[in-house]
Amino acid sequence: MYTQFNEQFAAATREFADAAAQVNRLAIESTESIFALQLAAIQDRANATFAFLGEAVEVRDADGVKKIWPKGVQVARENLERGVAVSQKVLEHSSKANEQIADITKSQLASAAKTAQSSAEQVANAVNEKTQSFVKNASKASKAK
């Protein structure tokens, strides 16, 4: 009996460990892609900002400020748009990873429920057989008296 219990426990533990490894792999892949997206966006925004600042340093009078002002607004707008686009991509990656993790969890729960149901049915059948055997033995004993 203990051997059967140990084997079932070991199998359940292996299933759980495999599922945990899959979840961790998905989480790490998602984190890597999100980090890469954000790093690329930061690099693009920094390049555009420093290019603008390089032009702004050369301004010496009010006319220069008037000429460069629209470029500054354009750089700020583009930076904001890039930030929003990257945020949307990050949310998309996160939701896909969460869906995959939910699928793994769902399959784990279904497997655990199936195993539990199978074990419960085996126990119920064993109890039924023992009960019938007991009833037969009890009826034989009462007839013998």
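Trainee: Is Glu78 buried, partly exposed or exposed, and why?

Mentor: Start with the classes: buried means under 20% relative accessible area, exposed over 50%, and partly exposed in between (1.4 Å probe, protein chains only). Glu78 has 27% relative accessibility, so Glu78 counts as partly exposed. Two cautions on the source. This is a predicted model, where local features need pLDDT of at least 70 and side-chain atom pairs count only at pLDDT 80 or more, while totals for chains, interfaces and linings use all residues. Residues are numbered from 1 along each chain as its sequence is written, and side-chain values use heavy atoms, leaving out hydrogens and water.

Trainee: With which residue does Glu78 form a salt bridge?

Mentor: A salt bridge is a side-chain nitrogen of Lys or Arg within 4 Å of a carboxyl oxygen of Asp or Glu. Here the partner of Glu78 is Arg82, with the closest N and O atoms 4.0 Å apart. Arg82 is partly exposed, at 28% relative accessible area. Both sit in helix H2 (residues 62–144), 4 residues apart, so about one helical turn separates them. Helices are DSSP runs (H or I, at least four residues), as are strands (E, at least two), numbered from the N terminus.

Trainee: How many salt bridges does the structure hold?

Mentor: The structure holds 5. One of them joins Glu92 and Lys96, at 3.4 Å from N to O. These two also lie in helix H2, 4 residues apart. Glu92 has a relative accessible area of 41%, and Lys96 has 47%. Another joins Glu29 and Arg25, again given as 3.4 Å, N to O. That pair is in helix H1, 4 residues apart.

Trainee: Where is Ser30, and what does Ser30 touch?

Mentor: Ser30 is in helix H1 (residues 2–57). Contact means heavy atoms within 4.5 Å. Not counting residues up to four places away in sequence, Ser30 touches His93, Ser94 and Ala97. Ser30 counts as buried, at 12% relative accessibility. Across the protein chain, buried residues make up 12% of the 145 residues.

Trainee: How many helices and strands are there in the protein chain?

Mentor: There are 2 helices and 0 strands. The radius of gyration, taken over C-alpha atoms, is compared with the globule rule: 2.2 Å times the number of residues to the power 0.38. For this chain the radius is 34 Å, well over the 15 Å from the rule for 145 residues, so the chain is more spread out than a compact globule. The C-alpha trace spans about 125 × 20 × 15 Å along its principal axes.
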